[in-house]
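Hi everyone, thanks for coming. Let me show you the structure I have been looking at, and then we can walk through some of its contacts.

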2 protein chains.
Amino acid sequence: MKKVVVIGGGTGNFVVLRGLKNFPVDLSAIVSMADDGGSTGILRDEMGVLPPGDVRQCLVALSNSSRLMRSLMNYRFENGGLGGHSFGNLFLSVLEKVTGSFEKAVEEASKILNIKGKVIPITMNQVRLKMVLNNRKLLEGEQEIYLSQEIDQGYKSIYLEPYPKVNPCVINEIANADLLVIGPGGLHTSLIPNLLVEGVCEAICRSDAKKVFVVNLMNRKGQTTGFKTSHYLSEVVRYLGKDVFDYILLNGQKPPKTLIDVYSSEGDLVENDMDDPRVILAELLGTPAEVAKKDLLKRNLIRHDSKKLAQELMKIVDHL
Amino acid sequence: MKKVVVIGGGTGNFVVLRGLKNFPVDLSAIVSMADDGGSTGILRDEMGVLPPGDVRQCLVALSNSSRLMRSLMNYRFENGGLGGHSFGNLFLSVLEKVTGSFEKAVEEASKILNIKGKVIPITMNQVRLKMVLNNRKLLEGEQEIYLSQEIDQGYKSIYLEPYPKVNPCVINEIANADLLVIGPGGLHTSLIPNLLVEGVCEAICRSDAKKVFVVNLMNRKGQTTGFKTSHYLSEVVRYLGKDVFDYILLNGQKPPKTLIDVYSSEGDLVENDMDDPRVILAELLGTPAEVAKKDLLKRNLIRHDSKKLAQELMKIVDHL
């Protein structure tokens, strides 16, 4: 069975993992640990735990437990002091407190949720993501960066503080992978934070795995406005040190104009500007009907279809 | 296998169940649904759920799952908006929201926690416990009653509002029991609330089961100050309509004077005043060393030993 290692965080990771879960591959998810917004941010502050949010999403994506168990993990409290918290986040944070480490918490949660494959935090250090913009403004924390509308005006640096040690399992996973999948996901808030951890870029460059970069569907306004394939690629290559990708997978299907219009306040469609044999343009869109009923956020109206995305990745796996 | 049905709520129930769990009996716990204090009270108010606290304690007492799972269920958050909540309470309340009913939530939690026997809420109605004191003061809610220091001055009435329908399973359990165990537990806040539910007292009186009343170890100051066996018995009989008990089990062991002194601000030792062949005086005390390290609350310094209590109850079962 081929070993597929997915690197990312957030909902992008979720979509890839949920799709690949149904295929006969040995699956690992390497997850960013920079999240500090919402429920996760509150738990970090109040309980001193590591960020559970992205790990929870990956666990749910890979879970073979009952629908009930997955609904439980995704449940969000609405009111009062609990308002905004995800039950799954609380579950992971309490497991961390009770077992004494985030590593054991993820291990126990993986058993309880009966997951296929492995979920591996990129680091076990408490880190904060920071960014200095070209105008010398400092953005502190993943949430502040996520909400900024000035990033497309350029930034000087992005870094994790303190500079984190990589989780040693991550290096093994990358070294032993047959296919490495990077993306899709928030470029500065979910993907790059993985590349900022000590030794990760070197491990990726050194690995004999085939490497595929999955480009986002949509740009985020004020963050990646007007970005095309080449911009996404060069941003990631900037941290990797060289262009190691064997495949660049992106959507070539046009969403209905009405959806693009609704989405326009959030961002524009990513278009391909690269004439490169590595580029695979595929139909990767989820049907609007399917996505719309699940989630009424504008930015979720145009989404990858997890099945289609996994099928394209499996075409690559089948040729390994 | 003999069927033992324990009626109560709170920590009293926990001690009996934890002890009986290790014996070959068919065990059911019937649980009061009047709790509205602390974490449980907040969840009732903010989420509109039924009270999870007493059910959680019974589930943990009967759980055969890992020590980790039990620690998880008993974990209490310390700070911020989550401060004071028990993770197990959140778990039950979220299960109720996700499954759509408290009944299913208890059923699912029972599976997840791999419990021996059954935990059965006395009613599925949202109720509040109320009490009118002799001075015509109204105490609203279990928590207010629990904290009152005036109850030993006498009360006119105690009732659940609205008058609740009994959970039909409860009537079956009582009818089919070989042994019914009532108590120990907070007299007005954990025991009597079960007897205030429609049809419960009739079912107890009608049942062919042998019936044992387990009297509390200690009185609660301002609530049952100076109560002896006969006072406990007559309070319960007042609701049952007649004295149906075959056995009255209470502790006959004297705690060390130092512990009694420390406890004295919370309440005094219950002494036996009944010359009745039904009374069984047994050594039921937990060793202070064992209890002290677990819990530093004064009122927890003198406690039943779950093993000794279960052994006495099993002597009765063995004679059935």
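One term to begin with: a residue is buried under 20% relative accessible area, exposed over 50%, and partly exposed in between, using a 1.4 Å probe and protein chains only. Please keep in mind that this is a predicted model, where local features need pLDDT of at least 70, side-chain atom pairs count only at pLDDT 80 or more, and totals for chains, interfaces and linings use all residues. Residues are numbered from 1 along each chain as its sequence is written, chains are lettered from A and ligands numbered from 1 in the order written, and side-chain values use heavy atoms, without hydrogens and water.

Asp45(B) is exposed, at 59%.

Another pair is Glu150(B) and Lys137(B), 2.7 Å from N to O. Both are partly exposed: Glu150(B) at 26% and Lys137(B) at 42%.

Over in chain A, Glu312(A) and Lys315(A) make a salt bridge at 3.0 Å. Here Glu312(A) is buried, at 14%, whereas Lys315(A) is partly exposed, at 48%.

Key:
A salt bridge is a side-chain nitrogen of Lys or Arg within 4 Å of a carboxyl oxygen of Asp or Glu.
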